Amino acid sequence: MSTMRGSSLAYLIRRLAMFALTIWLGLTLMFLIPRMAPGDPIAAMVARISSQAGRVENSEQMIQAWRTRFGLDAPLYQQYGRYLWNSLHFDLGYSMAYFPMKVEDLVRAGMPWTLALLSIATVLSFLVGSTLGALMGWPASPRALRLVLPAALCFTSIPPFMLGILLIYVFAFGLRWFPFAGAYAHEFPPGRNLDFVFSAVHHGILPATAIVVTTMGFWALGMRAMMVTTSGEDYMILAQAKGLRPRRLFWMYGVRNAILPQVTSLALSIGGIAGGSVLVEYIFTYPGMGYLLYQGIVNNDYALIQGMTSILIIGVATAVLIVDLAYPLLDPRIRRGDL
Amino acid sequence: MSVPSWINAKLVAGSTVILFVVMLGLLGPWIWDTTQARVASCPLNLPPYGFSPPNLTFQPAQLAHPLGTESSGRDMLAVLITGTPNSLLVGTIAAGIGIVIGTLLGLTAGFMGGWVGTLIRVMSDAIITIPSLVVLIVISSYVREISLTSMGLLLALFAWPGTTRTVYAQTLSLRERGYVQMARLSGASTLSIMVFELLPNLMPYLAACFTASVSGNILAATGLEALGLGPSRIPTLGMAISNAVRGAAILRGMWWWWGLPIAMLILIFSGLFLITIGLDEVANPRLRRSEGNAR
């Protein structure tokens, strides 16, 4: 009993340490690399802000705030310390493009859309893809099914935003079934009513499809390989010999075991999916964090870029942590500390 | 002459596709006038030859521009011929560096173990989960003007952990094999065991890692370019897509403007994907069984 609790605790501590390390590494890379580039991009950035500051009220104060924020005259380790401190306290400063809004408010506005789109799309893609893959790798599945499924894999080599462009062209421009852009119709502002919900779903279908269809094949491929391995295991032959129903064999003996590495790769690929969704939001003008990030790039709004990406890095690390912490529920060996 | 048994259909098909794409980049400039990839070198907005214009505001197609032209007066065939090799090059630079670093670290971690091994493993696990595209967006938005090579170097920052993981896992299993033990007993140094005993056995895995990585890095580069963060003076496929999206090509019905660079990229991705799964089958004969034992 005590060892069991000990191993769970060790697992928890390892995961939390990984969580902290990932965030630290991400933030550090974003700080260090631009400063290693020739010609001091940070100074150039402040110059760029100053040059376009004529348009903005209180620009002098903002530039001064930026100077102190980066502490351009302070030694590098002090700049770094301040940067980490600000990022971890979500002290993201004012947006240049959306002045006088704070970056924090923009994050708050964009986050629900990104969170909803990404979580629904990722879960759908994982479930559908893994089920398809399991059927592909299962010796007893109908032959016709096996022939249809590889077709689903064709989309694996298409990046989500490119499929997004195609979907807009066919279903929004050509057939006019779905809207081109945005997350809801303007006549139905966000609120607790059905009109808004329908409108949001209507707008969300194309971007979600772009993500689901292109990432599904990855899960199918991994699951198929695991299923092939699992279906050859001795316990499978024993279960078959016991006369268990095929359905039970498939789900409880096959899928139950083959799904474990899939969950691991889910944790590993959340970052990639989040990165890809930045481009999907850009293509669909979907008002989530990715689209705001693009607005930041277009407007040279470095507070917005920096803030949005810090939050995305912390958000992805949190999602990975959640998957990692849910993993022992699926794999009792980790709870018992067998591994 | 007999075909070696490890060559499979996927490998051949994928290699053929990639060879075709590479030849287009190499031979294209000899048969097609690539100066037409410059702004304002051609009539605007022509659809590809044989296709009718999306509406009456467009001029009819011309044989002189078989794949059409876009709104800044670039010939699409010339754009493809000049852009494709650059996109391939960025991916290859990043993947090449990633493979070398990844292999070195993976072998070291797997063979040495200890705190060095743990450090390498933990770092690569952490970097894999970081949303690399997001970090790359920040970095390149600060740096702005970037060359093709520095873009490759930048991408390589995130290109090694996948290889490190694969090589590490393989090294762990390989180093207990008889022939490695044998070499160790006969007094071979760690370095020579790594190079002469382990590396050759890792080759199919490394090749699969490499093609997958080229594909992933072309995708990342295209993503950055589509956001307008790529090299602004060097034509790439991502830049063509970026121009098309900014020029509202989708809503103007100019499918060839975004469709052709995307089709070319999909061709590249599919070719590399086929090679990767073909190589996976070479490395891992268990995968081949799934077709064999289909009842």
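Predicted model: local features only at pLDDT ≥ 70, side-chain atom pairs only at ≥ 80, totals over all residues.

Visitor: Where does Y184(A) sit in chain A?
Guide: Y184(A) is in a loop of chain A, between α7 (160-174) and α8 (194-231).

Visitor: Is Y184(A) buried, exposed or partly exposed?
Guide: Partly exposed. Its relative accessible area is 24%. Buried would need a value under 20%, so Y184(A) does not count as buried.

Visitor: What separation do the C-alpha atoms of Y184(A) and H202(A) have?
Guide: They are 7.8 Å apart. Along the chain, 18 residues separate Y184(A) and H202(A).

Visitor: Zoom out. How many helices and strands does chain A have?
Guide: Chain A has 13 helices and 0 strands.

Visitor: And what share of chain A is buried?
Guide: Of the 339 residues in chain A, 51% are buried. The accessible surface of chain A is about 16,400 Å², and 67% of that belongs to carbon and sulfur atoms.

Visitor: What about sequence range in the chain A contacts?
Guide: Take contacts between residues at least 6 apart in sequence. In chain A, 70% of those join residues at least 24 apart.

Visitor: Switching to the interface. How much area do chain B and chain A bury between them?
Guide: About 5,000 Å², with 77% of it on carbon and sulfur atoms. Chain B puts 52 residues into the contact, and chain A puts in 57.

Visitor: How many salt bridges and polar pairs cross between chain B and chain A?
Guide: The salt bridge count is 0. For polar contact, the count is 1 residue pair, with both residues at pLDDT 80 or more.

Visitor: Which helices of chain B supply the side that touches chain A?
Guide: Those giving at least two residues each include α3 (114-129), α8 (190-226) and α10 (255-283) of chain B. That side of chain B divides into 36 nonpolar, 7 polar and 9 charged residues.

Visitor: Now E70(B). Buried or exposed?
Guide: Buried, with a relative accessible area of 2%. E70(B) lies in the loop between α1 (9-31) and α2 (76-112) of chain B.

Visitor: Which side chains make polar contacts with the side chain of E70(B)?
Guide: R74(B) is one, at 2.9 Å. W257(B) is another, at 3.5 Å.

Visitor: What else does E70(B) touch?
Guide: Leaving out residues up to four places away in sequence, E70(B) touches residues including L44(B), N45(B), M76(B), N243(B) and M254(B).

Terms used
Residues numbered from 1 in each chain as written. Chains lettered and ligands numbered in written order. Heavy atoms only, no water. Contact = heavy atoms within 4.5 Å. Buried area = accessible area lost by both parts, 1.4 Å probe. Salt bridge = Lys/Arg side-chain N within 4 Å of Asp/Glu carboxyl O. Polar contact = N/O pair within 3.5 Å; in protein donor to acceptor, adjacent residues only side chain to side chain. Helix = DSSP H or I, 4+ residues; strand = E, 2+ residues; numbered from the N terminus. Nonpolar A, V, L, I, M, F, W, Y, C, P; charged D, E, K, R; others polar. Buried < 20%, exposed > 50% of the residue type's maximum accessible area, 1.4 Å probe, protein only. Areas by Shrake-Rupley, 256 points an atom, 1.4 Å probe, with all protein chains shown as cover.
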